[in-house]
Amino acid sequence: AAALLAGQRQPIDIGIAGQRRFVMMAGVGFDADVVKGIVPGLKRAVGKGAYVWQSLVEILRYRPQRFRVTLDGVEHEAASAVFANGHFYAGRFTCAPEARLTDGKLHVCLFKASGRLSVIRYGNALMLGTLHKRRDIEIIPATRIGVNGEDGSPVHGDGDILAHTPLDISIEAGGVELIVPAVG
């Protein structure tokens, strides 16, 4: 209640994937497959543990995919991609350390390597906070993004399936205002 009464308004950017919006991040590839496979009952019962379980399931089911990701007119290829509006990913982890909710850009993490072993390495690097230091990861800020690959590949945003490929993603600078606690 105090934040509502005395807080300051802070505009933040909003990502737009097709017709749907997201706040922190969206993704295509392995992490979208994990989100797609989550069983709601398991998620209610064990919370974030459902994502860990589903990640293990998806590693066993893994089949390589390649996506063409166009960033402000420049085409790239990746096995997976995360479109980060903020720097946190899956709670306390960091995918794109330079991403901010107010910088007017999405920081696109391109996961270049494919295969089960690469997915495990990426997961370990994420947990250790070293993902952005890997040579097979490229992080590129962009405002206009096109995602092409296998038609119908899921795209998630903030932990829910938002759309499917092919898809255009963009950023709306200052798209929503939050009320934040006053500093004092």
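Guide: The largest nonpolar core holds 23 residues, and those touching the most other members are Val69, Leu71, Phe83, Val108, Leu110, Ile145 and Ile169. A core here is a set of buried Ala, Val, Leu, Ile, Met, Phe, Trp, Tyr and Cys residues joined through side-chain atoms within 4.5 Å, and buried means under 20% relative accessible area, exposed over 50%, partly exposed in between (1.4 Å probe, protein chains only). The model is predicted: local features need pLDDT of at least 70 and side-chain atom pairs pLDDT 80 or more, while totals for chains, interfaces and linings use all residues. Numbering runs from 1 along each chain as its sequence is written, and side-chain values use heavy atoms, without hydrogens or water.

Two or more residues of this core come from each of β3 (25-28), β4 (67-71), β6 (80-84), β9 (106-111), β10 (137-142), β11 (144-148), β13 (160-164) and β14 (167-180). Elements are DSSP runs numbered from the N terminus: helices H or I with at least four residues, strands E with at least two. Leaving aside residues up to four places away in sequence, Ile169 touches Ile16, Ala17, Phe22, Phe83, Leu106, Thr143, Arg144, Ile145 and Val147; contact means heavy atoms within 4.5 Å.

A pocket is an open set of points on a 1 Å grid over the protein atoms alone, where a 1.4 Å probe fits, with protein on both sides within 12 Å along at least five of seven lines; lining residues have an atom within 4 Å of a point. The volume of the largest pocket is about 1100 Å³, taken as the space filled by probe spheres set on points joined across faces, edges and corners. Its lining has 24 nonpolar, 11 polar and 3 charged residues. Here Ala, Val, Leu, Ile, Met, Phe, Trp, Tyr, Cys and Pro count as nonpolar, Asp, Glu, Lys and Arg as charged, and the others, Gly among them, as polar.

The second largest pocket contains about 240 Å³ of space. Of its 13 lining residues, Asp33, Lys36, Glu58, Arg63 and Gln65 lie nearest the centre. Both α2 and α4 give two or more residues to this lining, with α2 giving the most, 4 residues. By class, 3 are nonpolar, 4 polar and 6 charged.

Glu58 is also one of the buried residues of α4, together with Ala50, Gln54, Val57 and Ile59. The cover over the buried residues of α4 includes α2, α3 (40-46) and α5.

Thr165 and Pro166 are joined by a cis peptide bond, with omega about -5°, and Pro166 sits in the loop between β13 and β14. Asp72, not a glycine, has a positive phi of about 50°; Asp72 belongs to the loop between β4 and β5 (74-78) and is partly exposed at 32% relative accessibility. Asp158 likewise has a positive phi, near 50°, in the loop between β12 (154-157) and β13. Its relative accessible area is 36%, so Asp158 counts as partly exposed.
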